[in-house]
Amino acid sequence: MGIRIRRVAVLGAGVMGQGIAAQLANAGIPSYLFDIAPNELTEAEEAAGLTLEDRAVRNRISQAGVTSMVKSRPALLYHKDLAAYVTPCNYEDDKDKLSECDWIVEVVVERLDIKLKVFEMVDEHRKPGSVVSSNTSGLSVAAMSEGRSDDFRTHFMVTHFFNPVRYMRLLEFVPGEDTDPELFAAMARFGEKVLGKGIVYAKDTPNFIANRIGTFGMASVFHWIAEYGMGVTETDKVFGPAMGRPKSAIFRTADIVGLDTLAHVFGTIEQNCTDDPWRERFAVPAAIGGMLDKGYLGAKTRAGFYRKNAEGAIQAIDLETLEYQDQPRLKLDAVGAARGKETSGEKLAAMVWFDDEYGTLAWKVTAEISIYSAQLLGEIADDIVNVDRALRWGFNFDLGPFEAWDAIGVEKSVERMKEEGFEVPEVVDRMLAESDGTWYTVRDGVRYYWDVTAGEYAPVPVDERLIFIDDLKARDKVLATNVGATLYDLGDGVGLVEFHTKMNAIDGQIGEMLQIAVEKVNSGELVGLVIGNEADNFSVGANVGLVGMLAMNQQFDEVEELVKSLQDTLMALRYCEGPVVTAPRGMALGGGCEIVMHGDAARAAAESYVGLVELGVGLIPAAGGCKEMAMRYYGSIPPGVNADLFPYMERLFRIIGTASVATSAEEAREFGFLRPTDRVTLNPDAVLADAKADVLAMVASGYTPPKPRTVAVPGRDGIAALKIAVHTMKEGGYISEYDEYLGTVLGSVLCGGDVPPGTVRTEQEFLDLEREAFVGLCGQEKTMARIMHMLEKGKPLRN
């Protein structure tokens, strides 16, 4: 069964409603954003002579939701112009618009009585066959659909998004007893393929999967830090990246969520899960109750477990006195041991088996989460896969509970659990007795999970169309490899180049593998290439440390050779005899951005952060970044049109000169890092598969390599104008004297050098200008200072 969602009604213009409407807009789907019509005027409305009957007044709340959506930071929209897809409405005047919608999603306050009134109105005005869902974080599907029509009930379900909707991948789907199974499956496919979400199937139990287990994990932390007398700062050090969790760890996450929201979730479980074996743990912790009494709600009140004092220092609250204190400087040996490990699983194991109080804290909480997750199998979800995905996608954990259990060793940990008096569920003992001793295993390149119901391993359910690099490794699809990159066979004659240096920084090994890949295409062994990976970041740029070392040793010939080699490699990509599709996700900065721009096309993950940032370390883009941007900007002028080049030059200079980074693939398109024809995929897991399909589509249409390009340039007149502009900025105190110098060097390259205006320049001439400028800057003392500062501190130095 297919489903076509052309328009959506979002009922509730609060934070979650705004997020859902924004994500629909990001996917190109228009929505009506509803909220109540106010019953009194504001002072501003009275002063303007408005009445309660004026449309601007009646839509004030929903319009404020749209305005807040546009202003939100971090941004909810991929591009501010996408707000045009969202139309503010109110319940009284616009009920009839519900009949235009294919999907109606309720996002009102978490009170059953209010939701029931909303659904009564929806049932009366919706068109038959339209999908209705609730974004509830834990109310019962059965209770919410009680008293509704048969058609409503068969088309009703829970679609629980996580906040912020754009960035949190999890979308929990929960059916009711009467929900049409085919419709339910079709909506899940829509959520995955169109909205880009990770779908988890939960049962109709309080707080579903992610919040049930995630909240228990937080409750476990509160219990054990009280037992051991530990504070906020040290606890967050333990439960952060050292355990494969986000930097926000426990208490910063709580501040972001809101302590009032957290207390509500605790209370919901304690009240509604009367048979929960750990029910007493869900009593709202005394510290949270005391903070709520003081009005400390977290980030929304700028005071929670953390706050910023008048001097700008971040303080942490004392959980006993509820007074804020300066954070102690701590160096935890357990955390240090974990940081020395490579994978998330190795880090976690190092933490839980470390023999000190912090290792013990990590162990106790991990053990309890493992046991609790196993106890709830069959109640909140049918299998371990949905549980693991819920915690990974909903809380940004690297590993779900059962994946984590495998990482620390199931048999070894169960022995310790029993020694310490923990009651291990029977399902765990049965798994150990009947399986390979792990929750997951790999057989013939296929990943399996332990099906507790069937008592055997079953393949992890995945879309067969998707491509995962671990599967390629397991199926021995490696064509060539070195320490920096690997070339895989994707099938159908398409190759994949994956980088695997630290942060995917570009070095000679990556350049070598790109050349090998191009040669295989040019020889006919492959028909085309994808350049991409599954890492958090496509590439953070070139190896600046190597450049700095060579420059510090005055080895400028070697610097030039290094730059020339990368230029030649990317030009080989550009003019490869088969199609090359670059597939960025996460950060693609500096040289990473330059690689993205040198393919025939890009297939970008929606969450791609792309930019030419070299000026931050006192350099300029020199692997073809200036060349590509100049070709795209000046080359966008139609042949025969005598256009003024200066506006194009100024825009180009502003983007590269300020080291601008696009905060989404759509913004990267606006900046010119992506072409208008480049395509965007919202589901990050589908990027490689979509890029492969793009390669095959170009092959099928009779691919021929692009023709060399030339452009007319502003020349010396443009250079003079930019010199005046940067000098004015320096005189105004906006930039330093060295920034002025960098601006003139960059301006000379972007203007095509000291040539008459209108001179036609080739790609190679731009590359030569880039390389000459780059090597010259490497000889500047202040550039070297900036590079060293970046390497030591991880952020640019402004001087």
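On a 1 Å grid over the protein atoms alone, a cavity is a set of points where a 1.4 Å probe fits but cannot get out; a pocket is an open set with protein on both sides within 12 Å along at least five of seven lines, and lining residues have an atom within 4 Å of a point. Grid points are joined across faces, edges and corners, and a volume is the space filled by probe spheres set on the points. Rolling a probe the size of a water molecule over the atoms shows where empty space is left.

This is a predicted model, in which local features need pLDDT of at least 70, side-chain atom pairs count only at pLDDT 80 or more, and totals for chains, interfaces and linings use all residues. Residues are numbered from 1 along each chain as its sequence is written, and side-chain values use heavy atoms, with hydrogens and water left out.

Start with the whole chain. The chain holds 33 helices and 25 strands. These are DSSP runs numbered from the N terminus, helices being H or I of at least four residues and strands being E of at least two. The C-alpha atoms fill a box of roughly 80 × 70 × 60 Å along the principal axes. The radius of gyration is 29 Å, which agrees with the value near 28 Å that a compact globule of 799 residues would have. That radius is taken over C-alpha atoms, and the globule rule is 2.2 Å times the number of residues to the power 0.38.

Next, burial. Of the 799 residues, 56% are buried. Buried means under 20% relative accessible area, exposed means over 50%, and partly exposed lies in between, with a 1.4 Å probe and protein chains only. The accessible surface comes to about 33,800 Å², and 50% of it belongs to carbon and sulfur atoms. Areas come from the Shrake-Rupley method with a 1.4 Å probe. Contact means heavy atoms within 4.5 Å. Among contacts between residues at least 6 apart in sequence, 68% join residues at least 24 apart.

The largest cavity has a volume of about 30 Å³. Its lining consists of Glu110, Ser137, Gly138, Leu139, Asn207, His264 and Thr268. By class, that is 1 nonpolar, 5 polar and 1 charged. Here Ala, Val, Leu, Ile, Met, Phe, Trp, Tyr, Cys and Pro count as nonpolar, Asp, Glu, Lys and Arg as charged, and the others, Gly among them, as polar.

The second largest pocket has a volume of about 1,100 Å³. Its lining has 45 residues, and Val540, Gly541, Ala542, Asn543 and Val544 lie nearest its centre. Elements giving two or more residues to this lining are α22 (508-522), α23 (544-552), α24 (556-574), β20 (586-589), α25 (591-597) and α33 (781-793). Helix α24 gives the most, with 7 residues. The lining splits into 25 nonpolar, 12 polar and 8 charged residues.

Turn to single residues. Arginine 675 sits in the loop between α28 (665-671) and β23 (679-681). Arginine 675 counts as buried because its relative accessible area is 15%. Beyond neighbours within four places in sequence, arginine 675 is in contact with Arg574, Met597, Gly599, Asp600, Ala601, Ala602, Arg632 and Arg669.

Valine 452 lies in the loop between β13 (446-451) and β14 (456-459). Its relative accessibility is 15%, so valine 452 counts as buried. Not counting residues up to four places away, valine 452 touches Leu377, Asp382, Val427, Arg430 and Trp439. Lysine 95 is 357 residues from valine 452 in sequence and 47 Å from it in space, C-alpha to C-alpha.

Glutamate 765 belongs to helix α32 (residues 763-778). Glutamate 765 is partly exposed, at 29% relative accessible area.

Finally, the backbone. A cis peptide bond joins arginine 73 and proline 74, with omega about 0 degrees. Proline 74 lies in the loop between α4 (60-71) and β3 (86-90). Another cis bond joins asparagine 163 and proline 164, with omega about -5 degrees. Asparagine 396 is not a glycine, yet has a positive phi of about 60 degrees. Asparagine 396 is partly exposed, at 39% relative accessible area. Alanine 659 also has a positive phi, near 55 degrees, but alanine 659 is buried, at 16%.
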